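Let us walk through this fold piece by piece. Keep the sequence and the coordinates side by side.

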Amino acid sequence: MFVIELTYKADLADIDARMTAHVRFLKKYYASGNFLVSGRKIPRDGGIILAVGKNREQIEAIAQQDPFYTHGLADFRIIEFRASQRAGDIQERIRKE
């Protein structure tokens with residue numbers, strides 16, 4: 001599993017201008033099965049994506065397709081980890097705010 005951390009390096013107006021394209025990117029990789037959970041950081045200085053993939057290289061290649069990356073609006077940090085436990089009621093714990 002991977003955590004993709006985005007840190008904005010542009011004004012929020014520039015981020016918001018590319019948000020529709022970013023959401024299309026997210027939907028593409030939710031549909032492919034690579035993205036599990038995503039959302040804004042608080043305070044709003046970036047975002048987090050929880051992802052699965054064959055290897056780090058695949059996740060790096062996916063992240064580089066994000067419009068925030070291609071337009072130089074955010075830095076990306078990819079953290080790989082091995083999930084060894086999970087809550088049995090994970091679906092109920094994850095909620096939209």
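Buried means under 20% relative accessible area, exposed means over 50%, and partly exposed lies in between, with a 1.4 Å probe and protein chains only. Arginine 18 has a relative accessible area of 34%, so this residue is partly exposed. This is a predicted model: local features need pLDDT of at least 70, side-chain atom pairs count only at pLDDT 80 or more, and totals for chains, interfaces and linings use all residues. Residues are numbered from 1 along each chain as its sequence is written, and side-chain values use heavy atoms, with hydrogens and water left out.

Stay with arginine 18 for a moment. Arginine 18 sits in the loop between α1 and α2. Helices (H or I, at least four residues) and strands (E, at least two) are DSSP runs, numbered from the N terminus. Which residues does arginine 18 contact, leaving aside its neighbours within four places in sequence? They are Phe68, His71 and Leu73. Contact here means heavy atoms within 4.5 Å. Arginine 18 and phenylalanine 68 are 50 residues apart along the chain, yet their C-alpha atoms are separated by 7.1 Å.

Now the sheet. It is open, with four strands in the order β2-β3-β1-β4 and antiparallel pairing. The edge strands are β2 and β4 (74-80), each pairing on one side only. Two strands pair if DSSP finds at least two bridges between them. Neighbouring strands of this sheet are turned by 15 degrees against each other on average, direction ignored. Axes are lines fitted to C-alpha atoms, for helices over the stretch in contact, and angles run from 0 to 180 degrees between N-to-C directions.

Take the pairings one at a time. β1 and β4 run antiparallel and are joined by seven bridges. Here glutamate 5 stands opposite arginine 77 in β4. β1 also pairs with β3, in the antiparallel sense, over six bridges. Threonine 7 has glycine 46 of β3 as its bridge partner. Five bridges join β2 to β3, again antiparallel. Glycine 39 stands opposite isoleucine 48 in β3. β2 and β3 form a hairpin with five residues between them.

Look into the loop of that hairpin. Proline 43 lies there, between β2 and β3. Is the peptide bond from isoleucine 42 to proline 43 cis or trans? The bond is cis, with omega near 5 degrees. Most residues other than glycine have a negative phi, and most peptide bonds are trans.

Next comes helix α2. The helix has 13 residues, 19-31, which at 1.5 Å a residue should span 18 Å; its end C-alpha atoms are 18 Å apart, so the two values agree. The expected span is 1.5 Å times one less than the number of residues. Met19, His22, Phe25, Leu26 and Tyr29 are buried in α2. Seen down the axis, these buried residues fall within an arc of 115 degrees, so they line one face of the helix. The arc is that of the directions from the helix axis to the C-beta atoms. The face turned away from the buried side carries the exposed residues Thr20, Arg24, Lys27 and Ala31. Elements covering the buried residues of α2 include β1 (2-8), α1 (12-17), β2 (35-40) and β3 (46-51). α3 (56-63) and α4 (67-70) are also among them. α2 lies across β1, β2 and β3, at about 160 degrees to β2. Glycine 33 follows α2, and its phi is positive, near 95 degrees.

Histidine 22 deserves a look of its own. Its relative accessibility is 8%, so histidine 22 counts as buried. A polar contact of 3.0 Å joins its side chain to that of aspartate 66. A polar contact is a pair of N or O atoms within 3.5 Å; within protein, one must be able to donate a hydrogen and the other to accept it, and residues adjacent in sequence count only if both atoms are side-chain atoms. Not counting residues up to four places away in sequence, histidine 22 touches Leu6, Asp66, Pro67 and Phe68.

Finish with α3. At its start, a side-chain oxygen of asparagine 55 reaches to within 3.2 Å of the backbone nitrogen of glutamate 57. Ile59, Ile62 and Ala63 are buried in α3. They cover an arc of only 100 degrees around the axis, which puts them on the same side of α3. Their cover includes β1, α2, β2, β3, α4 and β4. α3 lies across β1, β2, β3 and β4, running at about 160 degrees to β4.
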